[in-house]
Amino acid sequence: MMRVRQYNPADEQQLILLHAKQGLDYALPNLNDPLFAVRVLIEGENGKIVVAALGRITCEIYLLMDDSGTPQERWERVQVVSRVAEAQGVAMGFKDCQAQIPPQLEKRFKKRLFALGWQKRPWPLWSRELGV
């Protein structure tokens, strides 16, 4: 029989071990960070945690802009709005943000994204609408 329950800080060591056993190349974040809004566990019959779903709040960025001005003027606008948006996100407690870039824009904008400090993640991003 399995038992579904919420995470509590006493579970941290078990989840660290579970993460290590998976052998995936990423650091386990601080599970006690308040940005982890979803922390659901399943215990097996022996009380051992056998699966965990951990949902951390993140920020998804959308950039909307027109094509007026020179390329340099547009780049300066993007840099300014990026700095202000980052400051707002940090002030709100976000640790990261993500953006979904259409392939046709990524080709043209990749160097600019790197210049703004963005990284292309090695793993594909999957998403799902909730409550649908």
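Colleague: Buried means under 20% relative accessible area, exposed over 50% and partly exposed in between (1.4 Å probe, protein chains only), so which of these is Arg3?

Modeller: Arg3 counts as partly exposed, at 46% relative accessibility. Before we go on, this is a predicted model: local features need pLDDT of at least 70 and side-chain atom pairs count only at pLDDT 80 or more, while totals for chains, interfaces and linings use all residues. Residues are numbered from 1 along each chain as its sequence is written, and side-chain values use heavy atoms, leaving out hydrogens and water.

Colleague: Thanks! What does Arg3 form a salt bridge with?

Modeller: Its partner is Glu43, and the closest N and O atoms are 3.0 Å apart. The pair links distant parts of the chain, with Arg3 in strand E1 (residues 3–6) and Glu43 in strand E2, 40 residues apart. Helices (H or I, at least four residues) and strands (E, at least two) are DSSP runs, numbered from the N terminus. A salt bridge here is a side-chain nitrogen of Lys or Arg within 4 Å of a carboxyl oxygen of Asp or Glu.

Colleague: And Glu43, buried or exposed?

Modeller: Glu43 is buried, with a relative accessible area of 10%.

Colleague: How many salt bridges does the structure hold?

Modeller: There are 6. One of them joins Asp33 and Lys95, with the closest N and O atoms 3.1 Å apart. Asp33 lies in the loop between H1 and E2 and Lys95 in the loop between helix H2 (71–91) and strand E5 (97–98), so this pair ties together parts 62 residues apart in sequence.

Colleague: How accessible is Asp33, and how accessible is Lys95?

Modeller: Asp33 counts as buried at 9% relative accessibility, whereas Lys95 is exposed at 57%. Not counting residues up to four places away in sequence, Asp33 touches Arg39 and Lys95; contact means heavy atoms within 4.5 Å.

Colleague: What does Arg56 pair with?

Modeller: The side chain of Arg56 meets that of Asp96 in a salt bridge, at 3.0 Å from N to O. Arg56 is in strand E3 (residues 49–56) and Asp96 in the loop between H2 and E5, so the pair ties together parts 40 residues apart in sequence. Arg56 is partly exposed at 31%, and Asp96 is partly exposed at 26%.

Colleague: What makes up the largest nonpolar core?

Modeller: Six residues do: Tyr7, Leu15, Leu31, Phe36, Leu41 and Ile49. Such a core is a set of buried Ala, Val, Leu, Ile, Met, Phe, Trp, Tyr and Cys residues joined through side-chain atoms within 4.5 Å. Not counting residues up to four places away in sequence, Leu15 touches Tyr7, Leu28, Leu31, Leu41, Ile49 and Ala52.

Colleague: Last one: where is Trp123?

Modeller: Trp123 is in the segment after helix H3 (103–115). With Leu24 and Tyr26, Trp123 forms a nonpolar patch on the surface, with about 310 Å² of accessible area together. Accessible areas come from the Shrake-Rupley method with a 1.4 Å probe; for residues, only the protein chains shown count as cover. Patches are made of residues with over 30% relative accessible area and no salt bridge: like charges are joined within 9 Å, nonpolar side chains (Val, Leu, Ile, Met, Phe, Trp, Tyr) within 5 Å.
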